[in-house]
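Please read the following walk through a structure with the model open beside the text. The account goes from strands to sheets, then to helices, and ends with the contact between the chains.

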Amino acid sequence: MIFATVGTQLPFPRLIDTLNGLAKDIDEKIVAQVGTTETDTSASSWRNLDLRPTLTPDEFGTLFQNARVIVAHAGIGTILSAKRWGKPLIILPRRHALGEHRNDHQLATAQQVQSLTGIHVAWEASDLAALLAQPDLACATQDQSPSHAALIGKLRDFILA
Amino acid sequence: MPSKTSSKKIIAIASGGGHWQQLMLMRPAFAGQQVLFLTTLAGLPEQFDATPARIIPDCNRDEKRQILRCANALLRLMIRERPDVVISTGALPGVMALALGRLFGARTIWVDSVANAEEMSMSGKLAKRVAHLWMSQWDHVAQEAGAEYAGAVL
């Protein structure tokens, strides 16, 4: 199963449209959390997906942990969840120019995390097909990144001073 | 582990959700110290094996009575615990804990949530006045705000 999530704040039709298009050629169920605002307007065109307007935290956790791979916007919560539960995560950053967010901070987030094990960046929606077709995508880990280790070091030095 | 006399007493506080999750990722920095965890959501500390822990009333800027209840709980904890260090990732209860802790002589740390990739959070801006160490988890945000940057929990 593929689990797609766009977070709770904004719709992300570019991601969901792309997945809906790919679903016909993929022999794998796609469950998509799309947010309430979107289901009213566009849901009728997303016939190839198992749509979930909203999910409780428990439902979200279960789907996340049971999925083969998670596809999402470049949200911090999603990235931390992938690390916590050790899952492969594909992120498509929202673009300001396409009206998908107030600014391009998701591009900055994607650049920051692209070197992490198990976080796979689709810079364009057209990159999604190839990433989803990979049979053994690396899983995210709870290992400390160099940046994380540096933060811990700074805090520790301050605490012990 | 260092002896009791040399270990520091830390109060580590975060609201439920992303703030708490990030605070948990900073736990290696507290190794060997005496930590008391505070959060706003019952059940959360158990999920992360964070002990000892206390639940405090949540509050935000729009609810004056809740702010008083939260401040009262924090004040009593600070008087009883007298922490050496207070650290928070957010939100408003964390700012109040830093302010009250500082009154009682604690050194204070604010690490703004990594979700704030554009500018310091609202509570982060408030925390500037009460944090000895005031940090963003984004280099460009830190530079713009005059905060410190060392890394991020990502």
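**From one bridge to two sheets**

A:F3 has A:I70 of β4(A) as its bridge partner. This pair belongs to a predicted model, as does everything described below. The two strands concerned, β1(A) and β4(A), run parallel and are joined by four bridges.

Strand β4(A) has residues pointing to both sides. A:V69 and A:V71 point one way, A:I70 and A:A72 point the other way, and all of them are buried. Here a residue is called buried if 20 or more other C-beta atoms lie within 10 Å of its own.

β4(A) is also joined to β5(A), by three bridges, and these strands run parallel. A:A72 stands opposite A:I91 of β5(A). A:I91 in turn has A:V121 as its bridge partner in β6(A). The strand that holds A:I91, β5(A), covers residues 89–91 and pairs with β6(A) in the parallel sense over three bridges.

Put together, these pairings are part of an open sheet of six strands in chain A, in the order β3-β2-β1-β4-β5-β6, with parallel pairing. Which strands stand at the edges of this sheet? They are β3 (50–52) and β6 (119–121) of chain A; each has a single partner strand, so one side of each is left without a neighbour in the sheet. On average, neighbouring strands of the sheet are turned by 20° against each other, direction ignored.

Helices come next. Helix α4 of chain A, residues 76–85, lies across β1 (2–5), β4 (69–72), β5 and β6 of chain A, and runs at about 160° to β5(A). Helix α5 of chain A spans residues 105–113, and its residues A:H105, A:Q106, A:T109, A:A110, A:Q112 and A:V113 are buried. Seen down the axis of α5(A), the buried residues fall within an arc of 160°, so they line one face of the helix. What covers the buried residues of α5(A) includes α4, β5 and β6 of chain A.

Now turn to chain B. Its six strands form an open sheet in the order β3-β2-β1-β4-β5-β6, and the pairing is parallel. The edges are taken by β3 (53–55) and β6 (133–135) of chain B, each with a single partner strand, so one side of each lacks a neighbour in the sheet. Neighbouring strands of this sheet are turned by 15° against each other on average, direction ignored.

One pairing in this sheet joins β1 (residues 9–14) and β2 (residues 34–39) of chain B, in the parallel sense and over five bridges. B:I11 stands opposite B:L36 in β2(B). Helix α4 of chain B, residues 92–103, packs on the sheet and touches β1, β2, β4 (85–90) and β5 (107–111) of chain B. The direction of this helix makes about 165° with that of β4(B).

The last step is the contact between the chains. How many residues of chain B are in contact with chain A? There are 20, and they are in contact with 21 residues of chain A. On the side of chain B that touches chain A, 14 residues are nonpolar, four are polar and two are charged.

The predictor gives the complex an ipTM of 0.95 and a pTM of 0.84. Chain B averages a pLDDT of 94, and 97% of the residues score at least 70. Where pLDDT is low, predicted coordinates should not be read in detail.

Terms used
Residues are numbered from 1 along each chain as its sequence is written. Chains are lettered from A and ligands numbered from 1 in the order in which they are written. This is a predicted model: local features need pLDDT of at least 70, side-chain atom pairs count only at pLDDT 80 or more; totals for chains, interfaces and linings use all residues. Two residues are in contact if their C-beta atoms, placed from the backbone, lie within 7 Å. Ala, Val, Leu, Ile, Met, Phe, Trp, Tyr, Cys and Pro count as nonpolar, Asp, Glu, Lys and Arg as charged, and the others, Gly among them, as polar. pLDDT is the predictor's confidence in each residue, from 0 to 100. Two strands pair if DSSP finds at least two bridges between them. Axes are lines fitted to C-alpha atoms, for helices over the stretch in contact, and angles run from 0 to 180 degrees between N-to-C directions. A residue is buried if 20 or more other C-beta atoms lie within 10 Å of its own, exposed if 12 or fewer, and partly exposed in between; C-beta atoms are placed from the backbone. The arc is that of the directions from the helix axis to the C-beta atoms.
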